[in-house]
Amino acid sequence: MRDIAEIHERIAKAFASPTSVENAEPVEEQAVPALGLGPREQPRPPANAVAALVSRIFEWRRRRTVSRLHQAWKDAEAASAAKSRQIATVVHEIRTPLNGILGMTHLLGQTKLTAEQQNYLSGIRQSGYALAQLVEDLLDYSTLEAGRFKLNNRAENLRHVIESVVELLAPRAHEKRIEIAATVDADLPDLLDFDPARIRQVLFNVIGNAVKFTAEGGVLVRACVDNGNVAIAVIDSGPGMTPDEQRRIFGEFEQMGTAEARSGGTGLGLGIASRILTEFGGSLSVASRKGSGSTFTIRFPLQLAEVAQSGTVERNQLLARSRVLLLAPDGPAARATVATIETLGGRCRHVSNTAEAQMLIDRAEAGPVPYTDLIVDHRLASDYANEKAHAPLHRILLVNPEERASQPQDFFDAWLIRPLREKSLIDVLSGLLRGFGTRDALNDNQVPPAPVIEKPVDGLSILLGEDDPVSALLTRSILVKAGHRVILAEDFPALLEDALREEARPDLVISDMHMPGGTVLDLLSALRKVENQGGLAPVPVIVLTGESRENIRREALLNGASVVLGKPVDPLKLLDEIQALDAAASGRQQIR
C-alpha cells in the first residue's frame, strides 16, 4: 500500500500548478552536445525493482545493438580490404604472363617476317598494350579502394608532360585518320609543383578516351590558368553525350558509346582520373551535347615550384619577329598551331587553299611586313608544289612521322613533325634548324628509327634471378643478343649461392623482386654484408618488379639496389641501364 501511496504522490506533483512549484530549485540550462559527442546525461536511478529491471533490459538491448553494428562495420571493412587485396593479387599475377606476351612479340619482331606476319604481330602487340592498360586501371582502382593512394609532388614542367602524352597517343589518332594537337597559354608558368606521374595518368585517360570515341575531326588539348587553377580542356569532335550519360560518365565501370567502343576498356579510366584529381584538390568535369562533341576539363590548384628557372625569356616574346602563313585543312592541328605561334608572340594567318595562300603572299611581299615563314600541311603539299616558289620565304613542311618518306622535299627548307613540340616550332621558325639533314639530327619532335643494339666486345657476366620460365627466356634472350653471358637462378637459394661465390663473382645481378624462398631485399642484405667484411667492390643489382607502389622502389634502393625497373621491362631501357652501370664501374676502376 505504501508503494501505491508514493505513486499517487508523484502523480500529484507532476500535475501540480505552477504556483505550487515556485519555491522549487531552478533548473539549470543544459547545452545539447552536437552529434552526441559531448558528455552523456547521467541516468536517473530507477524508482523500484520493476523499473530497474526494465532499465537493465533496455540498456542490454542497446549495448547489444551497438555491438552488432560495430561488428558489422568491422566485417564490412574487412571484406572491402579483402576484396581490394584479392583484386591487387589477381591483377599482379596477370602481369607475369602479360610480360611474356609483350616481350616475346618484341623478340619476334626482330626476326624476318612477311608483311602478313607483321600485321598479325602488330595486332597482338596492340591487344597486349590494351590489356596492360586495363591491368594498370585495375591496380589503381584497388589502390584507391584500399586507401593507399599518395601524391609525390615535385617541380616539373607541365607543358612537357602534356606534349609527351599527346605524342604517345598520336599514332593511335593518326591510325584513325583524326588529328590531335595541344597548345599551352603563355600565362601558365613553366615549373609547377605537382605529381607528374599522376597528372600524366589523368591526361592519358582523358585524352585517350577522347581519341577512342572520335571518328572524324580530332582532339585539341588547351592548357591555361583559370582563377588560381590549372585548367586543361580536352575538346573532341566525337559523338557527344546526353545529360544522363554525362551524369554517369565518371562512375566506376560506367561505359558509353557503341558496343565496339565499350569492348576496349573497363569503364574505370575516367572514374580513377576523377578520384586522383579530388586528391589534388581539383576536379574533372564535362560539357557535351549529343552530336556536337565533348569538352572534358581537368582542374587542379596552381602551385608554383620553389625552384624557379633563372635567365628565362618571356614565352610571349620568343617568336616576336615571326609572321607565319599556315596552309592547312581546318581542324585541331591548325587551331593549335595558330594558338601556339600567337602565344609565343608571333603572328599567324591560317588559310586552307593554295590560291588564297598565293594571294596573301603576293600582297604581303608588296607591303611593309612580308611573311617570314610558310608552313604547309602535308595533305596540301602536292597542291602547293605546283605553285610558283617564293624565294625569300622560309618554307616548312608539317607532316605526320609515318608519312615523311612519301612527301616532296625539294620544295621545302625544313619540316615539322605532328603533333608539334613547342621547342621544335621555336627552333625552326627562329632559324636554328634549317635543312632536312640538320633537322633530323637535332629535332626532339621526330620519332627515332628502331635502335640497333651494338654487341660489346667483351660482354658482362650477369646473374639472372627469375622463376617464371617465359620471363627468364625473354630477359635471357635480350641479354645474350646484346653479347652478355648469363647465369640463370630459378629460386632464391641458387641466386644467393651464385651471388656470394668468391671464385667467380658476377659483374651484375638482375633479379625479380620476389623469388621462391626469399626476396631480393634478403639478397641485398647478405651481399652487401659480405662485401663490407671482405673489402670487395659492390656488385650492381638491378631489381625487376611488377609492384607499382613507390615505397617498394624506395625500400629496394635504400637496401643497396642500383636500379629498380618496372615490369614489363623495356629491353632498350634495361640495356641502357646496364651500359650506364658498366661505365660507372669502369670509371671507378680507373680512378683506383
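At 75% relative accessibility, Asn227 counts as exposed (over 50% relative accessible area; buried is under 20% and partly exposed lies in between, with a 1.4 Å probe and protein chains only). The model is predicted: local features need pLDDT of at least 70, side-chain atom pairs count only at pLDDT 80 or more, and totals for chains, interfaces and linings use all residues. Residues are numbered from 1 along each chain as its sequence is written, and side-chain values use heavy atoms, with hydrogens and water left out.

**Backbone geometry**
- Asn227 has a positive phi of about 55° although it is not a glycine, and its place is the loop between β4 (218-226) and β5 (229-236); strands (E, at least two residues) and helices (H or I, at least four) are DSSP runs numbered from the N terminus.
- Arg177, also not a glycine, has a positive phi of about 60°; this residue sits in the loop between α4 and β2 and is exposed, with a relative accessible area of 67%.
- Arg418 and Pro419 are joined by a cis peptide bond with omega of about -10°, and Pro419 lies in the loop between β12 (414-417) and α12.
- Most residues other than glycine have a negative phi, and most peptide bonds are trans.

**Largest cavity**
- The whole structure contains four cavities of 30 Å³ or more, a cavity being a set of points on a 1 Å grid over the protein atoms alone where a 1.4 Å probe fits but cannot get out.
- The largest cavity has a volume of about 190 Å³, a volume being the space filled by probe spheres set on the points, which are joined across faces, edges and corners.
- Of its 21 lining residues, the closest to the centre are Ala181, Ala182, Ala336, Thr340 and Leu420; lining residues have an atom within 4 Å of a point.
- β2 provides the largest share of this lining, six residues.
- The lining divides into eleven nonpolar, four polar and six charged residues (Ala, Val, Leu, Ile, Met, Phe, Trp, Tyr, Cys and Pro are nonpolar, Asp, Glu, Lys and Arg charged, and the others, Gly among them, polar).

**Second largest cavity**
- The second largest cavity has a volume of about 120 Å³, and its lining includes Asn99, Lys567 and Pro568.
- Helix α14 (residues 469-481) gives the most to this lining, with four residues.

**Buried charge**
- Asp195 lies in the loop between β3 (191-194) and α5 (196-213).
- Asp195 is buried yet has no salt bridge, and the nearest side chain of opposite charge, Arg198, is 4.7 Å away; a salt bridge requires a side-chain nitrogen of Lys or Arg within 4 Å of a carboxyl oxygen of Asp or Glu, and Lys and Arg count as positive, Asp and Glu as negative, with His and the chain ends not counted.

Terms used
1 Å grid on protein atoms, 1.4 Å probe; cavity = no way out; pocket = protein on both sides within 12 Å on 5 of 7 lines; lining within 4 Å.
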